[in-house]
Amino acid sequence: MEARVSSGLQLPNWVSAEKIARKPAGSLQLFRKYGGQRLYHVPVTRCARAKERFHGFVTLKVSCVSENHKASVLESKSSPAFLEESEIIKSKAEEVEPNLDGRSLYLVGMMGSGKTTVGKVLSEALRYSFLDCDALIEDAVGGSTVADIFKIHGESFFRDNETEVLKKLSSMHQLVVSTGGGAVVRPVNWRHMRKGISIWLDVPLEALARRIVAVGTGSRPLLNHGDGDPYTKTMKRLSTLFEQRGEAYANADVRVSLENMAAKLGYEDVTDISPTAIAIEALIQIEHFLTE
C-alpha cells in the first residue's frame, strides 16, 4: 500500500501501525504533539510542505493506493504536528529571519519564565548571538552576582546598570537578549528595546512558583526574604510583582502564552511544554507581528 500525502499525514485509529511497512528512506516519522513519543513510520512518495506549519497543529490528508483498490482518502483533520522539533524550528527560523532585517529580539517576563533557556534556542535557530542581561551586569560590576549586587548596592544601582546595558545592546544587531524580570518597569528601557522586537513569555504564576521553589530562591534577591512555606511565600511575592509589572509586560510586541499553548496541545501542565516548542511559537508570533 502506498500513502500519498497532500499537506501532511494522520492515520485514523483503525489503521494499525504494525501493519504498515517501515522504510528508512521515503518515510514520514510521526510524533505526538511537538515532538514527544514516536508513534510510527509511514512510507510516502511525497510530502508537500505546508505553508503554515502550525499553531501547534497542521491539517492533513492521506490517500492510499493498492494494486486492487482505487485511491481513497482515509482521513482529513487537524492534528498535532508530527515533525521533529528541530526540523520545525529550523524551517520556521529560515522563514522569519530574512524579515527581521537584523533586528534583535528582547525576551521579557517574570523571573523563572524561561527567558534564558528559550533565548538560547532562538539564537541558535536564527544564528544570532545570545546575551543574558543579568550576566552582563554582573560582569560590569566586577563579577558580583545579582543577589550580591542587590545586597551590597541596592536595587536602584542594579536598575541603573541594567538600563546602561540595554542602551549599549540597542545599538547592536542580530542578538537575542534575555532581560531581567524587572527591566520592563523603566520606560527608558522600552525605548532601547523598541529598536528590536520584544517577546513576553507569559507563564502562569503557579507554574513559576513551583519551578523557582524546586531550584531554590537563593539567587532571587526579590524572593529570598521571610519565613514560612517556600511555595506559599514565593507565590505571594510573585503575585505582588506581577501586579506591579503586568501592564508593562503587555507592552511587548509579541506575547507567548504558555497557558494558551497548553490548551491547544492538550497539556495539563505548562511545564511539560519544551523550550523548543515555546521558541517555535515565539517565531510564529513574530511572523504575525511582522506581517500586521
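This is a predicted model: local features need pLDDT of at least 70, side-chain atom pairs count only at pLDDT 80 or more; totals for chains, interfaces and linings use all residues.
1. Searching the whole structure turns up one cavity of 30 Å³ or more. The space inside the largest cavity comes to about 30 Å³.

2. The largest cavity is lined by Met 110, Trp 200, Leu 201, Asp 202, Val 203, Leu 205 and Phe 242. As for the opening question, that lining has six nonpolar residues, no polar ones and one charged. Strand β9 (residues 197-202) supplies three residues, the largest share of the lining.

3. Next, have a look at helix α1 (residues 85-100) and helix α10 (residues 275-291). Their axes come within 10 Å and cross at roughly 30 degrees. Angles under 35 degrees count as roughly parallel, and α1 and α10 are therefore roughly parallel to each other. The crossing in which α1 passes α10 is left-handed.

4. Who touches whom in that pair? On the α1 side you'll find Glu 85, Ile 88, Ile 89, Lys 92, Ala 93, Glu 95, Val 96, Asn 99 and Leu 100. They meet Thr 276, Ala 277, Ala 279, Ile 280, Leu 283, Ile 284, Ile 286, Glu 287 and Leu 290 in α10. Sorted by class, the contact of α1 with α10 has 12 nonpolar, two polar and four charged residues.

5. Helix α10 also meets helix α2 (residues 115-126). Here the axes come within 9 Å and cross at roughly 65 degrees, and the crossing of α2 and α10 is right-handed. From α2 the contact uses Thr 117, Val 118, Val 121, Leu 122 and Leu 126. From α10 it uses Pro 275, Thr 276, Ile 278, Ala 279, Ala 282 and Leu 283. That contact of α2 with α10 splits into nine nonpolar residues, two polar and no charged.

6. One more pair to check: helix α4 (residues 146-153) and helix α5 (residues 155-169). Their axes come within 7 Å and cross at roughly 125 degrees, which makes α4 oblique to α5. In α4, Val 146, Ile 149, Phe 150 and His 153 meet Glu 155, Phe 157, Phe 158 and Arg 159 in α5. The contact of α4 with α5 has five nonpolar residues, one polar and two charged.

How values were computed: Residues are numbered from 1 along each chain as its sequence is written. Side-chain values use heavy atoms; hydrogens and water are left out. On a 1 Å grid over the protein atoms alone, a cavity is a set of points where a 1.4 Å probe fits but cannot get out, and a pocket is an open set with protein on both sides within 12 Å along at least five of seven lines; lining residues have an atom within 4 Å of a point. Grid points are joined across faces, edges and corners, and a volume is the space filled by probe spheres set on the points. Helices (H or I, at least four residues) and strands (E, at least two) are DSSP runs, numbered from the N terminus. Ala, Val, Leu, Ile, Met, Phe, Trp, Tyr, Cys and Pro count as nonpolar, Asp, Glu, Lys and Arg as charged, and the others, Gly among them, as polar. Axes are lines fitted to C-alpha atoms, for helices over the stretch in contact, and angles run from 0 to 180 degrees between N-to-C directions. Angles under 35 degrees count as roughly parallel, over 145 as roughly antiparallel, 65 to 115 as roughly perpendicular and the rest as oblique. A crossing is left-handed if the near helix is turned anticlockwise from the far one by less than a right angle, and right-handed if clockwise. Contact means heavy atoms within 4.5 Å.
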